[in-house]
Amino acid sequence: MDCCRHVNPFRACSGLRGLGYLMVALVAAIVAVSYYAVVVYAWGPMLLAGGAAAAGAAAVIAAFHILLAMILWCYLMAVFTDPGAVPENWRHDAEDSGNPSFSSSDEQESAPRYCSRCQNGKPPRCHHCSVCNRCVLKMDHHCIWVVNCVGARNYKYFLLFLVYTFIETVLDTLVLLPNFIEFFQDEHRRSSSPGDIAILFLAFVLNLAFALSLLCFIGMHASLVTRNTTSIEVYERKKSVSWKYDLGWKRNLEQVFGTKKLLWFVPLYSTEDLHNIPALRGMEFPTRSDAIV
């Protein structure tokens, strides 16, 4: 019994990092299969046909490559951007000032928060990740697909990765549909090798499955973003009459994407937004004055 008391169940979470690297390899494999099916097998040869067929093929291939470039850009930004770390020996302003009248009406949390595992203070909306073994600013979740936490400083990149991947998978599904239908026709009408048919079938099924699952996932995160909530805060939000961080859907979007609308669609922020919107840095968050807990 004594040995069981000293077992740290959170150590098992570190194994998710190894699983994450397998997910990265899986993403690369899916991209490779989809590229071969769409560009090399289905639409690439049509470029040689000339006329309207070639123009249509060029449009499909161009859209495929543009979306693929955006996916890779957003994915790499989500993977390699630090989601937000708490500065060493961080303490809440109320603690530093020695203000004994600290309360939720004055600040954004009812009391200063402290992480016993990091031995450090916890800013508002910060949570400890057992996989990364550290506290993450405005943590949403640890994503094995990007081998990283999703937090204040890479949440936008993660969302854009989801959106562009969804659009790409829908495009792939639609442009491969005629070839997929041909798969179920009589064998003597098939003009492709068994290997090409297998890759086509796999690419179509994978893209369709990912498109359907991503649609649900994007819907969930759209609801969270427009309410200025994270996946972790959903339960906490249900306990309050009005969520103190909900500033209205427009300002809530700006808290994640910034105020420059043209930059909403790329994994970049303007210097002005990084300076003027504290939420993008993950340390401070504006609240509603009429919030009821």
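**Notebook: loops, helices and cores**

I began at Arg-125, which sits in the loop between β2 (120-122) and β3 (127-129). Helices (H or I, at least four residues) and strands (E, at least two) are DSSP runs, numbered from the N terminus. I noted that this is a predicted model, where local features need pLDDT of at least 70, side-chain atom pairs count only at pLDDT 80 or more, and totals for chains, interfaces and linings use all residues. Residues are numbered from 1 along each chain as its sequence is written, and side-chain values use heavy atoms, with hydrogens and water left out.

**Entry 1**

I looked up the phi of Arg-125 and found a positive value near 70 degrees, in a residue other than glycine. Most residues other than glycine have a negative phi. Is Arg-125 buried or exposed? Its relative accessibility is 3%, so Arg-125 counts as buried. The cut-offs are under 20% relative accessible area for buried, over 50% for exposed, and partly exposed in between (1.4 Å probe, protein chains only).

Next I went to Asn-133, in the loop between β3 and β4 (134-136). Asn-133 is not a glycine, yet its phi is positive, about 60 degrees. Asn-133 counts as exposed because its relative accessibility is 56%.

**Entry 2: Thr-230**

I found Thr-230 in the loop between α6 and α7 (234-238). Thr-230 has 2% relative accessibility, so it counts as buried. What does Thr-230 touch, not counting residues up to four places away in sequence? I listed Arg-125, Lys-138, Met-139, Asp-140 and Leu-224. Contact here means heavy atoms within 4.5 Å.

**Entry 3: α3 against α5**

I turned to helix α3 (residues 51-80) and helix α5 (residues 155-183), which pack at about 155 degrees with their axes 8 Å apart. That makes α3 roughly antiparallel to α5, a label for angles over 145 degrees. Axes are lines fitted to C-alpha atoms, for helices over the stretch in contact, and angles run from 0 to 180 degrees between N-to-C directions.

Which residues meet? From α3 I wrote down several, including Val-60, Phe-64 and Leu-67; from α5, Tyr-157, Phe-161 and Leu-171 are among them. By class, this contact of α3 with α5 has 19 nonpolar, 1 polar and 2 charged residues. Ala, Val, Leu, Ile, Met, Phe, Trp, Tyr, Cys and Pro count as nonpolar, Asp, Glu, Lys and Arg as charged, and the others, Gly among them, as polar.

I also checked Leu-72 in helix α3. Leu-72 is partly exposed, with a relative accessible area of 43%.

**Entry 4: α5 against α6**

The axes of α5 and α6 come within 7 Å and cross at roughly 145 degrees. I sorted the residues of this contact of α5 with α6 into 26 nonpolar, 6 polar and 1 charged.

**Entry 5: the cores**

Which residues of the largest nonpolar core, 51 in number, touch the most other members? They are Val-38, Trp-43, Tyr-155, Phe-158, Leu-176 and Phe-257. A nonpolar core is a set of buried Ala, Val, Leu, Ile, Met, Phe, Trp, Tyr and Cys residues joined through side-chain atoms within 4.5 Å. At least two residues of this core come from each of α2 (15-43), α3, α5, α6 (194-226) and α8 (249-257). I also noted a second, separate core of 7 residues, which includes Val-86, Trp-90, Leu-137 and Ala-152.

Notes
Angles under 35 degrees count as roughly parallel, over 145 as roughly antiparallel, 65 to 115 as roughly perpendicular and the rest as oblique.
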